[in-house]
Amino acid sequence: SAGHHFARIIPEPQPDKKGDVELWLNTSLPWDPEDPTTTATSAQVVVLFTGQGYAAFSLRMPWLHLHVLVAHAPHSWDIEGKAPAKAQAKAFWREVRAHLGARQGQHIPLVAMMDANVELGLQHTLPGKIDSYPPSPSPTEYAETFISFIRHQGLALPATFERCQKGRRTT
């Protein structure tokens, strides 16, 4: 339990717990501020699929039905002396893309909440905007794989806000 205002929806853990994700659902605030009956419950959430570092959920309420992807992508650069994991990072986005492509309800809106661990570079343009930080002059080596994922899903990058995320660049 995450307290009386939130429900934590935790999918079955993967064999290697590194990178497991969960969805936090606010159960006290209404989705429509003018209608206090539009609160959500964990009973309205179904896990669609899971993988190492990602999970997709279906939220079905009388007033709204949407799918939510929660993902924490692997890093593709050397961290603390560990070997770079570029192939693993590329495989991650290909796997997520395949799972999303196989899901029932392709017409249902998809909201993606991700720590993508990717720098797109100056040459890439995508729908939406990236706020607060200048683009990286050089993209992460697997940026093309992530961009292909974003375009294939019809997603936009709405923003990363400095007050919520600290670091060198947006990810």
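Me: In this predicted model, which residues does Trp-93 touch, not counting residues up to four places away in sequence?
Reply: Contact here means heavy atoms within 4.5 Å. With residues up to four places away in sequence left out, the residues that Trp-93 touches are Ala-73, Met-114, Ala-116, Tyr-142, Thr-145, Phe-146 and Phe-149.

Me: Which elements give two or more residues to the largest nonpolar core?
Reply: The largest nonpolar core holds 22 residues, and Leu-69, Trp-93, Val-96, Phe-146 and Phe-149 touch the most other members. The elements that each supply two or more residues to this core are strand S4 (54-61), strand S5 (64-72), helix H1 (86-102) and helix H2 (143-153).

Me: How many residues are in the other core that lies apart from it?
Reply: Leu-25, Ala-40, Ala-55 and Phe-57 are among the members of this other core, which lies apart from the largest one. The number of residues in this other core is 14.

Me: Is Ala-43 buried or exposed?
Reply: Ala-43 sits in the loop between S2 and strand S3 (45-51), and its C-alpha is 9.1 Å from that of Leu-59, a residue 16 places away in sequence. A residue counts as exposed when its relative accessible area is over 50%. Because its relative accessible area is 72%, Ala-43 is exposed.

Methods: Residues numbered from 1 in each chain as written. Predicted model: local features only at pLDDT ≥ 70, side-chain atom pairs only at ≥ 80, totals over all residues. Heavy atoms only, no water. Helix = DSSP H or I, 4+ residues; strand = E, 2+ residues; numbered from the N terminus. Buried < 20%, exposed > 50% of the residue type's maximum accessible area, 1.4 Å probe, protein only. Core = buried A, V, L, I, M, F, W, Y, C linked by side-chain atoms within 4.5 Å.
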